Amino acid sequence: MNIAILGFGTVGKGVYEIVKKANGKTESLHVAHILIRKNKKRSLPEMTDNIDDILNDNDLDVVVEAIGGIEPAHEYILNALKHKKHVITANKAVIALYLKEFTEAARNNGVKFYFEASVGGGIPWIQGLEKALRIDQVNSIEGIFNGTSNFILDQMSKYGQSFAEVLKEAQKLGYAEADPSADIDGIDVANKLSISADIAYNIDISDQDKMPIFGIRNISASDIEYFAKKGLSIKLIGKTHQRENKFDYIVEPTLFLSHTLEANTPDNYNLISLNGDTIGKLDFFGQGAGMLPTANAVVQDILDIKESKNHLIRDFDSKVEYCSNLTKSDYLVRSSVDVSDIFADYKVYHEGNFLRVEQISAGAMHDLMKEVLSCDSKAFMASLPMEVVA
């Protein structure tokens, strides 16, 4: 099976390395092309800076998109599908926007579009979700989708360091980018949650403007210390629920009791859960990122194509509607100014340095939190677990 790799960064190099090992089932795989940037030095014979060399190669079977970002990844994926090449990608940002379009293009051209590595890195999350959906309706998904944010929160909790100190360490270790916004502001989680909800509910979420998103940029060491004294650990969580013909999706800091799996997910690991009608709660734990774990998931998709293993096919035309008030929680809000009036329509009381807001929907809470941030740009919030609410 002949493969082209678009881009030779972390994921592209990982795929190349696994294929080149040629052990077991990968020995029948061959990297025929590697697309690099214009005018970049060619260090391998497979390298080219011309996408047409790849698209017009009639002997090519699979294109692995490892460029990242939206464009030209979107264009390259579509063109490869139209040239009747199977496509595999780990690019959650482009999938979150164009999953339906890619799926339709693959179907129309008699090829496959697989994307296991886009959510959960090396964790077989997408296939696990698809398998559950063969029997069950999945009515909720929740989890730690981002290893960088989890590493930051875990290190702050273990060593009492400031957010800025741990972020700098994460950047030094390569967990966080020079611009860490996508990780710490919840955008990466939102992309992965959108893809998961698309599959679970058979819907097309190409517009995330409605999604309530609150990241961890404003968390302080004193916040984490306070939570720990209450027997609570904080994680940045993506969550979605479906009830009848309605669904919601939320990205927010969430507190967990210290004995839970979420509270004990360390370093840059991911933990993603689904809840199905008959299977109940299933947890998927493992390396959510990294060169080889992510590349492993890409190569698994290549082997699935080679072995004619079909993944779940969705048409994304369900009539399930977004509802911002589907679920309610208690929240803790920390602000240097008194923001009680903003929550005048809800039962609130002071709890340490925090204002506790009881039984408010995620949509309403995130809207009101924007008002809080206009008064105090360093304010922070977190939702409480049902065990604590009860």
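The side chain of Glu252 makes a polar contact with the side chain of His366, at 2.8 Å, where a polar contact is a pair of N or O atoms within 3.5 Å, one of which, within protein, must be able to donate a hydrogen and the other to accept it, and where residues adjacent in sequence count only if both atoms are side-chain atoms. The structure is a predicted model, in which local features need pLDDT of at least 70 and side-chain atom pairs count only at pLDDT 80 or more, while totals for chains, interfaces and linings use all residues. Residues are numbered from 1 along each chain as its sequence is written, and side-chain values use heavy atoms, with hydrogens and water left out.

A further polar contact, of 3.2 Å, joins the side chain of Glu252 to that of Ser383. Glu252 belongs to strand β9, which covers residues 246-257; helices (H or I, at least four residues) and strands (E, at least two) are DSSP runs, numbered from the N terminus. With a relative accessible area of 1%, Glu252 is buried, a word that stands for under 20% relative accessible area, whereas exposed stands for over 50% and partly exposed for values in between, with a 1.4 Å probe and protein chains only. The accessible areas themselves come from the Shrake-Rupley method with a 1.4 Å probe, and for residues only the protein chains shown count as cover.

Glu252 also takes part in a salt bridge with Lys239, the closest N and O atoms being 2.9 Å apart, a salt bridge being a side-chain nitrogen of Lys or Arg within 4 Å of a carboxyl oxygen of Asp or Glu. This pair links distant parts of the chain, since Lys239 lies in strand β8 (residues 232-243) and Glu252 in strand β9, 13 residues apart. Lys239 is buried, with a relative accessible area of 8%.

In total, the structure holds 15 salt bridges. One of them joins the side chains of Lys158 and Asp154, with an N to O distance of 3.0 Å. These residues stand 4 residues apart in helix α6 (residues 147-159), so that about one helical turn separates Lys158 from Asp154. The two partners can be described in turn: Lys158 is partly exposed, at a relative accessible area of 45%, and Asp154 is buried, at 9%. Another salt bridge is formed by the side chains of Asp188 and Lys192, at 2.8 Å from N to O. Asp188 and Lys192 are likewise separated by about one helical turn, because they are 4 residues apart in helix α9. Both of these residues are buried, and Asp188 and Lys192 are linked with Lys92 in a network of salt bridges.

Helix α9, which spans residues 187-201, also contains Ala200. Ala200 is buried, its relative accessible area being 6%. From Ala200 to Lys210 there are 10 residues in sequence and 18 Å in space, C-alpha to C-alpha. Thr103 and Lys319 are also 18 Å apart from C-alpha to C-alpha, but 216 residues apart in sequence. Thr103 is placed in helix α4, and its relative accessibility of 16% counts as buried.

Helix α4, made up of residues 92-108, also holds Glu104. At 35% relative accessibility, Glu104 counts as partly exposed. A patch of negative charge on the surface gathers Glu101, Glu104, Asp204, Asp315 and Asp317. Such patches are made of residues with over 30% relative accessible area and no salt bridge, like charges being joined within 9 Å and nonpolar side chains (Val, Leu, Ile, Met, Phe, Trp, Tyr) within 5 Å. Lys and Arg count as positive and Asp and Glu as negative, while His and the chain ends are not counted; the place of a charge is taken as NZ of Lys, CZ of Arg, CG of Asp or CD of Glu.

The backbone also deserves a description. Most residues other than glycine have a negative phi, and most peptide bonds are trans. Glu71 and Pro72, however, are joined by a cis peptide bond, with omega at about 10°, and Pro72 lies in the loop between β4 (62-65) and α3 (73-82). Asp267, a residue other than glycine, has a positive phi, near 50°, and is situated in the loop between β9 and β10 (269-276). Asp267 is partly exposed, with a relative accessible area of 28%. Ser308 likewise has a positive phi, near 60°, in the loop between α11 (291-306) and β12 (321-322), and at 60% relative accessibility Ser308 counts as exposed.
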